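Here is a short tour to read with the model open beside you. Take the topics in any order you like.

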Amino acid sequence: MRNRMIAGNWKMNKTYTEGVQLAQDLAEALSDGTGNVDVVVCPPTVDLKGVSTVIDQQSAPFALGAQNVYWEESGAYTGETAPNMLEAVGATYCIIGHSERRDYFHETDEDVNKKAKTLMSHNIVPISCCGEPLEIREAGTHVAYVVDQIKKDTEGLEISDPAKYVVAYEPIWAIGTGKTATADDAQEVCGAIRATLAEIFGQETADGIRILYGGSAKPENVAGFLEKEDVDGALVGGASLKADSFSAMVKAAM
Ligand code: PEP
């Protein structure tokens with residue numbers, strides 16, 4: 001049985017003070033608990049410590065995630081963040097392979113794979129993103145495209161606890177555009193992702209891995225995605241920036 005997951009990606013939004021405020025508001029909005037839903041917030045790196053302090057002080061029912069990591073443990077890598085640094089501020093999840101990182105910062109599947117291995121060796125759960133651009137969707141080759149990403153991103157990974165690896169399927173044409181995939185579109189690809197994970201890791205492991213949908217998910221449409229067999233939650237961008245919309249999505253998942 002997979003717990004549902006709602007994860008918020010704040011992207012490059014919220015200064016330290018604003019981030020702390022949002023975390024406090026969210027802790028308040030979710031003060032009755034989140035049932036079986038695992039909730040994660042992923043603020044910008046400089047906000048991590050502040051949000052972590054709010055989680056501790058308010059016993060907030062959500063976990064802390066980062067938006068990126070580097071695969072080396074330390075050294076001359078200006079501007080990067082090592083996994084033990086994330087660990088030290090209480091991050092237990094980390095987004096990798098987001099399409100914005102792939103597009104703007106040229107992150108490759110090989111990088112995503114290295115990041116996943118590094119995170120898992122530090123007991124930080126990767127939220128590993130995949131998804132096709134519009135031209136691939138229009139050519140009708142989206143399933144093959146995403147399956148190929150999954151194979152490359154998971155190469156050589158050892159998954160002993162399937163709750164400790166999360167996939168987010170985010171069709172790029174639906175991110176931040178207001179254009180959502182239909183729930184059937186999401187199921188088609190999420191089902192193919194699970195079948196691919198089963199080929200690689202075995203059915204039992206694949207059945208325990210959460211697969212999230214992301215792309216203009218909001219309170220009004222999240223329930224439709226969650227009805228689908230292979231959609232276990234949502235990775236939320238825009239709608240995670242306000243406590244009322246994000247908490248409404250958590251409640252819709254409960
Ligand atoms: C995202 O960037 O992960 C995302 C899903 O963004 P939005 O919800 O704003 O489309």
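Just after helix 2, serine 59 takes a positive phi of about 45 degrees; helices (H or I, at least four residues) and strands (E, at least two) are DSSP runs, numbered from the N terminus. This is a predicted model, in which local features need pLDDT of at least 70 and side-chain atom pairs count only at pLDDT 80 or more, while totals for chains, interfaces and linings use all residues. Residues are numbered from 1 along each chain as its sequence is written, and side-chain values use heavy atoms, with hydrogens and water left out.

- The buried residues of helix 2 are Leu48, Gly50, Val51, Ser52, Val54 and Ile55; buried means under 20% relative accessible area, exposed over 50% and partly exposed in between, with a 1.4 Å probe and protein chains only.
- Their cover includes helix 1 (16-29), strand 2, strand 3 and helix 3, where contact means heavy atoms within 4.5 Å.

**The barrel**

- In the order 1-2-3-4-5-6-7-8, 8 strands close into a barrel, and the pairing is parallel; two strands pair if DSSP finds at least two bridges between them.
- On average, neighbouring strands of this sheet are turned by 25 degrees against each other, direction ignored.
- Over 5 bridges, strand 1 (residues 5-9) pairs in the parallel sense with strand 2 (residues 38-42), and isoleucine 6 stands opposite valine 39 in strand 2.
- Helix 2 (residues 48-57) packs on the sheet, where it touches strand 2 and strand 3 (63-66), and its direction makes about 170 degrees with that of strand 3; axes are lines fitted to C-alpha atoms, for helices over the stretch in contact, and angles run from 0 to 180 degrees between N-to-C directions.

**Strands 3 and 4**

- Strand 3 and strand 4 run parallel and are joined by 2 bridges, with glycine 65 opposite tyrosine 93 in strand 4.
- From strand 3 the chain crosses through helix 3 (residues 83-88) to strand 4, and this β-α-β crossover is right-handed; that term applies if, with the strands pointing away from the viewer, the path from the first strand over the helix to the second runs clockwise.
- Strand 4 (residues 93-96) points Tyr93 and Ile95 one way and Cys94 and Ile96 the other way, and all are buried.

**Strand 5**

- Strand 5 is largely enclosed by the rest of the structure because 6 of its 6 residues are buried.
- Both faces are covered, with Val125, Ile127 and Cys129 buried on one side and Pro126, Ser128 and Cys130 buried on the other.
- Strand 4 pairs with strand 5 (residues 125-130) in the parallel sense over 4 bridges; proline 126 stands opposite cysteine 94, and serine 128 is the bridge partner of isoleucine 96.
- Strand 5 also runs parallel to strand 6 (residues 166-169), joined by 4 bridges, and valine 166 in strand 6 is the bridge partner of isoleucine 127.

**Nonpolar cores**

- The largest nonpolar core has 64 residues, and those with the most contacts inside it are Ile6, Phe62, Leu86, Val167, Ile193 and Leu197; such a core is a set of buried Ala, Val, Leu, Ile, Met, Phe, Trp, Tyr and Cys residues joined through side-chain atoms within 4.5 Å.
- Helix 8 (residues 183-201) gives the most to this core, with 8 residues.
- A second, separate core of 14 residues includes Met5, Tyr93, Ile95 and Cys129.
- Leucine 86 is in contact with Leu48, Ala66, Asn68, Val69, Thr81, Ala91, Cys94, Leu119 and Ile124, leaving aside its neighbours within four places in sequence.

**Cysteines**

- The structure holds 0 disulfides, a disulfide being a pair of cysteine sulfur atoms within 2.5 Å.
- Cysteine 42 is in no disulfide, and the nearest cysteine sulfur, that of cysteine 94, is 7.6 Å away; cysteine 42 is buried, with a relative accessible area of 0%.
- Cysteine 190 is likewise in no disulfide, and the nearest cysteine sulfur, that of cysteine 130, is 7.7 Å away; cysteine 190 is buried too, at a relative accessible area of 0%.

**Histidine 142**

- Is histidine 142 buried or exposed? At 8% relative accessibility, histidine 142 counts as buried.
- Histidine 142 is found in helix 7 (residues 142-153) and touches Glu132, Ile136, Arg137, Glu188 and Val189, not counting residues up to four places away in sequence.
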